[in-house]
Amino acid sequence: MSSRQRQSDESLAVLVIEDAADARHIYAEYLRSKRLTVFTAVDGRMGLNKVNELRPDVIVLDLAMPRVDGWTVLKKVRESSITANIPIVVVSALTDARDQAYHAGCDAYLMKPCPPDVLYLQIRALTRCQAEAARNEASV
């Protein structure tokens, strides 16, 4: 979890960085319906600005975007000690990029078209694992 130690889905902040308006809207609205706080960015440049400003609990990231692509966002987020531990779910139509995305530092890779409920379940799983790791670290 982030430094804010999220206790429930209602307080989870998710940043969706996706250039395709339909996908961005569908993911954002579905996650909001599950009571998550959702912010969006239309490209990697805006996404990086929002990551640094908001420090979300989870980032949902497309790889193929204009201006600044998702690969650059992934690299920059992982390089910063402030954002390095934010879970990143890549959602991409790139069929041969999975291994490279994991190597670059994503925590989950979902293929487009990805149903929004699958994305939600992946976010829940990642935040549950992160919360468990934080509890284990605190008890040591």
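User: Which residues does Asn 85 touch, not counting residues up to four places away in sequence?

Analyst: The model is a predicted one. Asn 85 is found in the loop between α3 and β4. Leaving aside residues up to four places away in sequence, the residues touched by Asn 85 are Arg 78 and Gln 130.

User: Is Asn 85 buried or exposed?

Analyst: A residue counts as exposed when its relative accessible area is over 50%. For Asn 85 the relative accessible area is 62%, so the residue is exposed.

User: What distance separates the C-alpha atoms of Asn 85 and Gly 105?

Analyst: Along the chain, Asn 85 and Gly 105 are 20 residues apart.

User: Is Asp 43 buried or exposed?

Analyst: Asp 43 is found in the loop between β2 and α2. The limit for a buried residue is a relative accessible area under 20%. Asp 43 has a value of 4%, so this residue is buried.

User: Which residue has a side chain joined to that of Asp 43 by a polar contact of 3.0 Å?

Analyst: Not counting residues up to four places away in sequence, Asp 43 touches Ile 17, Met 65, Pro 66, Arg 67 and Val 68. The side chain joined to that of Asp 43 by the polar contact of 3.0 Å belongs to Arg 67.

User: In what order do the strands of the sheet lie?

Analyst: The protein chain has five helices and five strands, and from the N terminus its elements run β-α-β-α-β-α-β-α-β-α. The five strands form an open sheet with parallel pairing, in the order β2-β1-β3-β4-β5. The strands that pair on one side only, and thus stand at the edges, are β2 (37–41) and β5 (108–111). On average, neighbouring strands of the sheet are turned against each other, direction ignored, by 20 degrees.

User: Which residue of β2 is the bridge partner of Val 16?

Analyst: Strand β1, residues 13–17, runs parallel to β2 and is joined to it by five bridges. Within β2, the bridge partner of Val 16 is Thr 40.

User: At about what angle does α3 run to β3?

Analyst: Helix α1 (residues 21–33) lies across β1, β2 and β4, and runs at about 170 degrees to β2. Helix α3 (residues 70–79) lies across β1, β3 and β4. Its angle to β3 is about 160 degrees.

User: Why do the buried residues of α3 line one face of the helix?

Analyst: The buried residues of α3 are Gly 70, Val 73, Leu 74 and Val 77. Seen down the helix axis, these residues of α3 line one face because they fall within an arc of 100 degrees. In general, an α-helix has 3.6 residues a turn, so residues three or four places apart point the same way. The cover over the buried residues of α3 includes β1, α2, β3, β4 and α4.

User: At the start of α3, which residue has the backbone nitrogen reached by a side-chain oxygen of Asp 69?

Analyst: The side-chain oxygen of Asp 69 comes to within 3.3 Å of a backbone nitrogen at the start of α3. That nitrogen belongs to Trp 71.

User: What percentage of the residues of the protein chain count as buried?

Analyst: The accessible surface of the protein chain is about 7400 Å², and 51% of this belongs to carbon and sulfur atoms. Among contacts with a separation of 6 or more, 62% are between residues 24 or more positions apart. Of the 140 residues, the buried share is 43%.

Technical notes:
Residues are numbered from 1 along each chain as its sequence is written. This is a predicted model: local features need pLDDT of at least 70, side-chain atom pairs count only at pLDDT 80 or more; totals for chains, interfaces and linings use all residues. Side-chain values use heavy atoms; hydrogens and water are left out. Two strands pair if DSSP finds at least two bridges between them. Helices (H or I, at least four residues) and strands (E, at least two) are DSSP runs, numbered from the N terminus. Axes are lines fitted to C-alpha atoms, for helices over the stretch in contact, and angles run from 0 to 180 degrees between N-to-C directions. Contact means heavy atoms within 4.5 Å. Buried means under 20% relative accessible area, exposed over 50%, partly exposed in between (1.4 Å probe, protein chains only). Accessible areas come from the Shrake-Rupley method with a 1.4 Å probe; for residues, only the protein chains shown count as cover. The arc is that of the directions from the helix axis to the C-beta atoms. A polar contact is a pair of N or O atoms within 3.5 Å; within protein, one must be able to donate a hydrogen and the other to accept it, and residues adjacent in sequence count only if both atoms are side-chain atoms.
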